[in-house]
Amino acid sequence: RSPSLPGVIELRRAEGGVRFWASKPGESYHQLDGSYGGLWRRHGRPPQKLVGVGFSAQGLFQGSYYRRTPDSYNPDVQWIFDGVEEEKLGNYGLSGGGAAGFELDRVDSELGSPEGITILARSEEHDSSVFYVPYEEMLTNVSTETKEDPKDLIRSEIIFCVKPNGGFLFSVGSICFCGSLNHNGGTNGISRMLENVIRRFAEL
């Protein structure tokens, strides 16, 4: 930001992360204030702190589905699934044929996912084009930051969390999610789940 240009925000990519192009020397620094650009995670502000989930894996524009977790049947969150009959959520859609694809985000408590988070659903059966993001690896294909097997980082998670002062947090963890909303004219589990959440949030 610059005091002389209120309302203007500059955003620059830097090295690291998944990207379709690389910044040239000098282009990683913001022109407005000279600060270094790049991933929120690199600057100590991982998205998990803000929205509960963060980037974990990337693939081609092919979607898969989510499966509900046992915790999603907890009475405290059952309202999210009122009218939802699917255990496999989003095995359909305009975005790659499924609700979970292209970019996958997951919970990581070490990066700031809040305590008390409920993982409602987790994606499965991604195709071979999907790979975990490079900043998760310690030694290629052997060790990762979370100590999980690399292939286990290829997942997206739908989460819900009660926040202080009466607020809620709901994240779906995938770019392809929106492509499933209009399946069957909007009559589907993904659409109904999101409708339940929006209606409840609107009551706050």
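A residue is called exposed when its relative accessible area is over 50%, buried when under 20%, and partly exposed in between. The legends below describe a predicted model.

View 1. Arg199 counts as exposed because its relative accessibility is 55%, and Glu195, at 35%, counts as partly exposed. The two side chains meet in a salt bridge with an N to O distance of 2.9 Å. An α-helix has 3.6 residues a turn, so residues three or four places apart point the same way.

**View 2. Helix 2 and its cover**. At the start of the helix, a side-chain oxygen of Asn188 comes to within 3.0 Å of the backbone nitrogen of Ile190. Gly189, Ile190, Ser191, Met193, Asn196 and Val197 are the buried residues of this helix. Their cover includes strand 2 (88-89), strand 8 (157-162) and strand 9 (168-171).

**View 3. The salt bridge between Glu87 and Arg67**. The side chains of Glu87 and Arg67 meet at 3.6 Å, N to O. This pair links distant parts of the chain, 20 residues apart: Glu87 lies in the loop between strand 1 and strand 2, and Arg67 in strand 1. Both residues are partly exposed, Glu87 with a relative accessible area of 41% and Arg67 with 27%.

**View 4. The salt bridge between Arg12 and Glu10**. The N to O distance between these side chains is 2.6 Å. Arg12 is partly exposed, at 24% relative accessibility. The model holds 8 salt bridges by the distance rule used here.

**View 5. Gln58 in strand 1**. Strand 1 spans residues 54-68 and contains Gln58. With a relative accessible area of 10%, Gln58 is buried. Its side chain reaches the backbone oxygen of Phe102 at 2.8 Å. Leaving aside residues up to four places away in sequence, Gln58 touches Val18, Phe102, Glu103, Ser129, Val130 and Phe131.

**View 6. A nonpolar surface patch formed by Trp40, Leu50 and Val51**. The patch covers about 300 Å². Val51 belongs to helix 1, residues 47-51. The relative accessible area of Val51 is 32%, so this residue is partly exposed.

Terms used:
Residues numbered from 1 in each chain as written. Predicted model: local features only at pLDDT ≥ 70, side-chain atom pairs only at ≥ 80, totals over all residues. Heavy atoms only, no water. Patch = residues over 30% accessible without salt bridge, like charges linked within 9 Å, V, L, I, M, F, W, Y side chains within 5 Å. Areas by Shrake-Rupley, 256 points an atom, 1.4 Å probe, with all protein chains shown as cover. Salt bridge = Lys/Arg side-chain N within 4 Å of Asp/Glu carboxyl O. Helix = DSSP H or I, 4+ residues; strand = E, 2+ residues; numbered from the N terminus. Buried < 20%, exposed > 50% of the residue type's maximum accessible area, 1.4 Å probe, protein only. Contact = heavy atoms within 4.5 Å. Polar contact = N/O pair within 3.5 Å; in protein donor to acceptor, adjacent residues only side chain to side chain.
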